[in-house]
Amino acid sequence: MNYQFSNNVPASDEDPVGNILKVAGDPKVISFAGGLPAPELFPVEALKQATNDVFDESGRQALQYSIAAGDPKLREQIAQRMNRSGIKCDIDNIIITTGSQQSIDLTAKIFVNPGDTVIVEQPTYLCALDVFRSYGAHIVGVPMDDDGMQMDALEQAVQANPNTKFIYTIPSFQNPTGRTMPADRRQKMIEIAEKYNVMILEDDPYGAIRFAGDDVAPVKTFEHDERVIYMSTFSKILAPGLRIGWIVAEKTLVKKFILMKQTVDVHSDNLTQHIIAKYMAENDIDAHIAKIKAVYRKREGIMMAAIEKYFPKDAHYSHPEGGLFIWVEVPGVDTQTLFNTCIEHDVAFVPGEPFYADQVIPGTFRLNYSNMQEDQIVTGIERLGNAIKETIAQSVEV
């Protein structure tokens, strides 16, 4: 059968990231590849109790169809958290989504026509790039330094692309670099967006997981005219399998999100929304997040110490104050060759290439510290350091 696919479907069935994760899934391989939260921190018993309470108190309602905007109780709880973070909103500013990935997809669906420009950090979340490409976007990457997206380069990119629909940013503990944009750059981003009349999509899945340094207010708190679409998720602060995220936006815009979401899945899982709302009513989620931060702080510290001990001195790496990732740059190394050598050493990472919209920087890769026990972190980084040195030696011999 000769299928007549739409232009949205990739021509190739190759899944390089999936192939990497499949190799990294070998039990003997210590994998720093997945962006996975620590499963031992999932509040299984508390969620089990919340689930039982939902079935006892409102089972029929939870199992029925619901509204696309999402459960009002859950949206009210999210609104309270958002207001505490400085984002002024009520439940009519909020729509529940099926994870962050749907939030990105709905935003692209609403704003992007084929050929429109989306500006991103360089590098950025690889699955967001896949979404933007699926809608035919022209993606422009803006270089970063240790403080995130460079604002002079951002303004140049917006000037050069007058059809820019929005700027996509992960300002706190960015995926993949772990970097955080300081307040002055967030303010400047708003000024640029206002000057050139473009939207901002602020992706904030990691912001609550700060374990060092001072909090930085969300980009949305700096706006004057509601041009920032803020999105977050329960995946990193509760459990990713729940697949519940949310968007905060101007109320007229939320109505458009609701209409578009109805064409996709009618509404996000109603039972799961009720369970999360009940969990938050019965438990202190901030106390739970504090436990996550304590564990991740320890694991990040162990990984950083091991990197300093085992990596070559010319390796560069980020110093995250939260989130899940460390970004590494090893000058003069071919990333795929390094990955292959690492697999021989039974250790894995995610190569940097898929995170770039264009102009890939070789020798880059992402490490995850949240989903690995402390002793394995040290062993894995030692293996990785040996693989880097072996790869460098082989390239010199050639």
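**Questions about a predicted chain**

Author: Pro 123 sits in the loop between strand S3 (117–122) and H5. Strands are DSSP runs of E with at least two residues, helices are DSSP runs of H or I with at least four residues, and both are numbered from the N terminus. This is a predicted model, in which local features need pLDDT of at least 70 and side-chain atom pairs count only at pLDDT 80 or more, while totals for chains, interfaces and linings use all residues. Residues are numbered from 1 along each chain as its sequence is written, and side-chain values use heavy atoms, with hydrogens and water left out.

Reader: What is the peptide bond from Gln 122 to Pro 123, cis or trans?

Author: That bond is cis, with omega near 10°. The bond from Asn 175 to Pro 176 is cis too, with omega near 20°. Pro 176 lies in the loop between strand S6 (164–169) and helix H7 (183–196). Most peptide bonds are trans.

Reader: Which residues of helix H5 are buried?

Author: Buried means under 20% relative accessible area, exposed means over 50%, and partly exposed is in between, with a 1.4 Å probe and protein chains only. In H5 (residues 126–134), Leu 126, Ala 128, Leu 129, Val 131 and Phe 132 are buried.

Reader: Why does Asn 197 count as exposed?

Author: Asn 197 has 60% relative accessibility, so it counts as exposed. Asn 197 is in the loop between H7 and strand S7 (199–203), and its phi is near 55°, a positive value in a residue other than glycine.

Reader: And why does Glu 226 count as partly exposed?

Author: Its relative accessibility is 42%, so Glu 226 counts as partly exposed. Glu 226 lies in the loop between S7 and strand S8 (228–233), with a positive phi near 60°. Most residues other than glycine have a negative phi.

Reader: What makes Val 9 partly exposed?

Author: A relative accessibility of 40% makes Val 9 partly exposed. Val 9 is found in the segment before helix H1 (16–24).

Reader: How do you know that the radius of gyration agrees with a compact globule?

Author: The radius is taken over C-alpha atoms, and the globule rule is 2.2 Å times the number of residues to the power 0.38. For 398 residues, a compact globule would have a radius near 21 Å; the chain has 21 Å, so the two agree.
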